[in-house]
Amino acid sequence: MKNLALPKKKAFFAQASVLKRIIAFIIDILLVNLIILFPFRRLFDSIIPQTSSFSKTFEFLSENSGFSGTITIIMFAVALITILYFMTFEKKLGQSPGKMILNLYVESSKKDLKYWQLFVRSMFLIPVFPFILLWFIDPIVMFFTKENQRLSEILSSTKTVEKYKV
Amino acid sequence: MKKQQTNKWTRALMIIIYLTILSFFISIFLSLFIDDSFESLDGNVAVIEITGPIVAQKDSGLLFTDVTSSDEVRKLIKKADKSDKIKAIVFEINSPGGSAVASDEIAAEIKKINKTTVAWIREVGASGGYWIASSTDYIIANRMSITGSIGVIASYLGFSGFIEEHNVTYERLVSGKFKDLGIPFKDLTSEERLLFQKSLDKIHDYFIDEIAINRNLKKSDVKKIATGQFYIGAEAKDLGLIDELGSRDEVIDYVEKQIGEEANLAKYKKEKGFLAALSQTMNERFFYIGKGLGSSFFAEAESPKSISIIT
């Protein structure tokens with residue numbers, strides 16, 4: 001069979017769909033929780049109270065500040081690993097596994113993606129004030145910007161794009 | 001193109017493996033500073049552990065050593081006693097004894113409790129450990145547990161011959177002839193030995209008094225068995241030093257009978273948060289850097305603390 005002289009497929013990057021970004025994020029978080037943070041499971045089992053209700057746990061943690069301090073430290077370690085996950089993938093491959101599945105990429109408005117940019121993109125994962133505010137602000141801002149950029153993305157001069165082939 | 005894609009997934013897999021290994025090491029590191037906390041939050045029976053040597057305060061260098069400090073135990077007792085949810089307190093004892101003062105402090109605190117108290121002797125509940133056990137309402141021990149050992153010890157290593165052999169002299173500079181009593185660099189005089197023995201006998205007498213009162217025994221009977229000898233659980237039961245032979249189930253049965261409801265154990269342990277442990281370690285290290293190793297040794301040598309009275 002002769003090769004047909006069809007024009008080659010062209011690829012270009014354009015604004016990523018919000019739904020795809022949400023799905024990619026869910027995939028990444030599941031991956032982090034089920035595989036990467038698996039070693040932390042035993043640690044959590046040993047410190048999280050086996051209680052019948054949320055109020056009892058809350059009451060216990062309020063009375064025992066040492067335990068809440070321990071949980072905070074572990075939360076920081078978990079956040080650090082999760083941030084490292086996004087930073088490493090986006091620096092080395094330009095996309096995290098969730099984004100790989102959905103053909104999404106992270107782009108810098110400057111030349112290359114720098115580590116500080118990748119950190120700022122993921123700083124919403126730091127479990128302390130004021131970073132936790134980004135959990136609410138980031139998605140809201142996303143719906144009001146032209147290129148659906150999160151606030152963290154605007155601050156880091158990055159954006160998430162989708163690869164299309166024609 | 002396809003090859004490039006496969007290569008990308010291989011690299012992704014490698015990154016996942018690296019991050020999982022990193023996560024594993026971080027979790028192991030953190031677990032070094034975390035104690036297992038409690039059995040249940042809904043517990044109505046507090047379990048307080050008396051493990052290892054009994055000391056008054058946790059000293060520097062004991063971060064990873066299993067000791068019981070009377071300061072910590074007293075705090076836990078107060079906390080459990082104050083809690084309305086707690087109906088009884090079980091002391092899980094596995095201790096060969098320790099400081100006479102620390103043991104007496106814990107025993108005195110136990111006597112102030114207005115709730116059912118039980119001592120559960122595991123492998124060893126001897127000397128100071130037994131003193132603490134005797135101050136509870138009821139003692140349960142395994143038939144092979146080591147208990148008793150009602151006596152006082154203050155023996156120490158003397159270095160007078162050693163320093164003499166190495167041409168080192170002990171320059172005695174004291175005002176008050178017994179000021180350097182117990183310094184290991186000189187032999188005890190017969191007068192000093194007598195003085196020492198008198199104090200030990202007095203402490204032994206306090207110990208016997210306490211056991212007699214706590215166990216409702218005649219002082220003369222306790223005196224007969226207070227030779228420092230240890231007794232296994234079965235012997236201790238015959239001598240009236242313990243109330244029952246048994247283990248966890250017997251402890252729960254007794255507590256349930258006393259409180260009239262199902263017993264749910266809640267372990268009361270000293271909180272050892274990561275930051276607390278880390279700051280404790282750093283404080284100790286900075287203290288010693290500042291103080292200097294030499295002066296630290298000097299302080300040890302000049303201090304008459306080289307002798308401790310142990311029950």
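Residues count from 1 along each chain as its sequence is written, and chains are lettered from A, with ligands numbered from 1, in the order in which they are written. Because this is a predicted model, local features need pLDDT of at least 70 and side-chain atom pairs count only at pLDDT 80 or more, while totals for chains, interfaces and linings use all residues.

**Exercise 1. The sheet of chain A**

Task: work out the strand order of the sheet in chain A and find which strands stand at its edges.

Solution: 
- Start with the inventory: chain A has eight helices and three strands. Helices (H or I, at least four residues) and strands (E, at least two) are DSSP runs, numbered from the N terminus.
- Along the sequence these elements follow the pattern β-α-α-α-α-α-β-α-α-α-β.
- In the open sheet, the three strands have the order E1-E3-E2, with antiparallel pairing. Two strands pair if DSSP finds at least two bridges between them.
- Strand E1 (11-15) and strand E2 (104-108) of chain A each have a single partner strand, so one side of each lacks a neighbour in the sheet.
- From one strand to the next, the twist averages 45 degrees. Axes here are lines fitted to C-alpha atoms, for helices over the stretch in contact, and angles run from 0 to 180 degrees between N-to-C directions.
- Now check one pair: E2(A) and strand E3 (residues 158-165) of chain A share five bridges in the antiparallel sense, and A:Ser108 has A:Thr158 in E3(A) as its bridge partner.

**Exercise 2. A strand with two partners**

Task: find the partners of strand E4 (residues 88-95) of chain B, and say why it is largely enclosed.

Solution: 
- On one hand, strand E1 (residues 45-51) of chain B pairs with E4(B) in the parallel sense over seven bridges; B:Glu49 has B:Glu92 as its bridge partner.
- On the other hand, seven bridges join E4(B) to strand E5 (residues 116-126) of chain B, again running parallel, with B:Val90 opposite B:Val118.
- Seven of the eight residues of E4(B) are buried, so the rest of the structure largely encloses the strand. A residue is buried if 20 or more other C-beta atoms lie within 10 Å of its own, exposed if 12 or fewer, and partly exposed in between, with C-beta atoms placed from the backbone.

**Exercise 3. Two helices side by side**

Task: describe how helix H2 (residues 70-82) of chain B packs on helix H3 (residues 100-111) of chain B.

Solution: 
- The helices pack at an angle of about 5 degrees, with their axes 9 Å apart.

Conventions
Right-handed = clockwise from strand over helix to strand, strands pointing away.
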